[in-house]
Amino acid sequence: MVADEADELISLINQFRESQQTCEGQRVGPVGPLTPDQTLSGIRLGQGEQLQSMLQQADYQAAGAQALAFSGPTDAEMAMRMIDERYCSALLDPDVADIGVSREGNNWQIILAQPLLDDDLGDWQEAGKAVLARVNEARSSPQTCGNTEYQAAPALQWDAKLAAAALEHSEDMAEQGYFSHTGRDGRQVDSRARDHGYQYSRIGENIAAGQGAVEQVVQGWLASPGHCSNIMESSYTEMGAAYALGGDGEGTIVWTQVFGTPLR
């Protein structure tokens, strides 16, 4: 399957995950974006082959994974309609963070996985500044976010107040076990930024969960139209980012990225 077809389906899946959905009679989501992974895309499950064994052979370290296989759709939009109807609970699983898509004829395969944490992730501030570097790398060239084309944008600067707002929200989500731009106290990113002393003319936020490495989380945001648009917004000039771990450091990793333009 050509790469842009896989990218389109992943973009559609991430759009699906970006907003609340009705799945099996329940309201679910939103949940974090999925990161395209070439190793998962390259796995071909044959009859009798076990996913975990194939992951090990491919040297992909997973805390958990599942495969979806279906036949019939001739393009990404048809595939999205089918998996929405058949596999909505798998698509909206908050624990998965990586995705691989492959196709042979009209036979499709999607692998969803939860990667292990990177041993070299560093503390929240090291990781946050590494996120900034990856974001600036993305902003240095044109990007396509869903159906929108963005020109290259100026590099962002690190801001400690935005980073503190990002850390606060990541820690709150991790400790209290939720995933939302709205905190348990009802505050949004604008209030959190002001409470940390950041006076802004423009503010924005990306969140994610499950990605165990900086490269993975940034690629996940870039593969999700709304998150990608935040990254490429040329009017933002500063950024802060942080992660937190739930369950006394043993639970799911949660990421927050806050963008701002200071009030002059």
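Reader: Is Gln 216 buried or exposed?
Author: This is a predicted model, where local features need pLDDT of at least 70, side-chain atom pairs count only at pLDDT 80 or more, and totals for chains, interfaces and linings use all residues. Residues are numbered from 1 along each chain as its sequence is written, and side-chain values use heavy atoms, with hydrogens and water left out. Buried means under 20% relative accessible area, exposed over 50%, and partly exposed in between (1.4 Å probe, protein chains only). Gln 216 has a relative accessible area of 15%, so Gln 216 is buried.

Reader: What is the volume of the largest pocket?
Author: Rolling a probe the size of a water molecule over the atoms shows where empty space is left. A pocket is an open set of points on a 1 Å grid over the protein atoms alone, where a 1.4 Å probe fits, with protein on both sides within 12 Å along at least five of seven lines. Grid points are joined across faces, edges and corners, and a volume is the space filled by probe spheres set on the points. For the largest pocket this gives about 610 Å³.

Reader: Which element gives the most to the lining of the largest pocket?
Author: Lining residues have an atom within 4 Å of a point. The largest pocket has 28 of them, with Asp 7, Thr 144, Gly 146, Leu 222 and Ala 223 nearest its centre. Two or more lining residues come from each of helix H1 (3-18), helix H6 (124-139), strand S7 (143-145), helix H9 (214-222) and helix H10 (225-232). With 7 residues, the top contributor is H1.

Reader: How many residues of that lining are nonpolar, polar and charged?
Author: Ala, Val, Leu, Ile, Met, Phe, Trp, Tyr, Cys and Pro count as nonpolar; Asp, Glu, Lys and Arg count as charged; the others, Gly among them, are polar. On that scheme the lining of the largest pocket has 11 nonpolar, 10 polar and 7 charged residues.

Reader: In what order do the 4 strands of the open sheet lie?
Author: Two strands pair if DSSP finds at least two bridges between them. Strand S5 (residues 98-104) and strand S6 (residues 107-115) pair antiparallel over 7 bridges, and Ser 102 has Gln 109 in S6 as its bridge partner. The pairing in the sheet is mixed, and the order is S3-S5-S6-S4.

Reader: Which strands are the edge strands?
Author: The sheet is open, with 4 strands. An edge strand here pairs on one side only. That describes strand S3 (35-36) and strand S4 (62-71).

Reader: How far apart in space are Asn 106 and Ala 79?
Author: Asn 106 lies in the loop between S5 and S6. Asn 106 is partly exposed, at 36% relative accessible area. Its separation from Ala 79 is 27 residues in sequence, and C-alpha to C-alpha it is 9.6 Å.

Reader: How many of the residues of strand S12 are buried?
Author: S12 pairs antiparallel with strand S10 (residues 200-209) over 9 bridges, and with strand S11 (residues 238-245) over 8 bridges. Ile 253, Trp 255, Gln 257, Phe 259 and Thr 261 point one way, Val 254, Thr 256, Val 258, Gly 260 and Pro 262 the other, and all are buried. The count for strand S12 (residues 253-262) is 10 of 10.

Reader: What is the phi of Glu 24?
Author: Glu 24 lies in the loop between strand S1 (21-23) and strand S2 (26-28). Glu 24 is exposed, at 65% relative accessible area. Although Glu 24 is not a glycine, its phi is positive, about 55 degrees.
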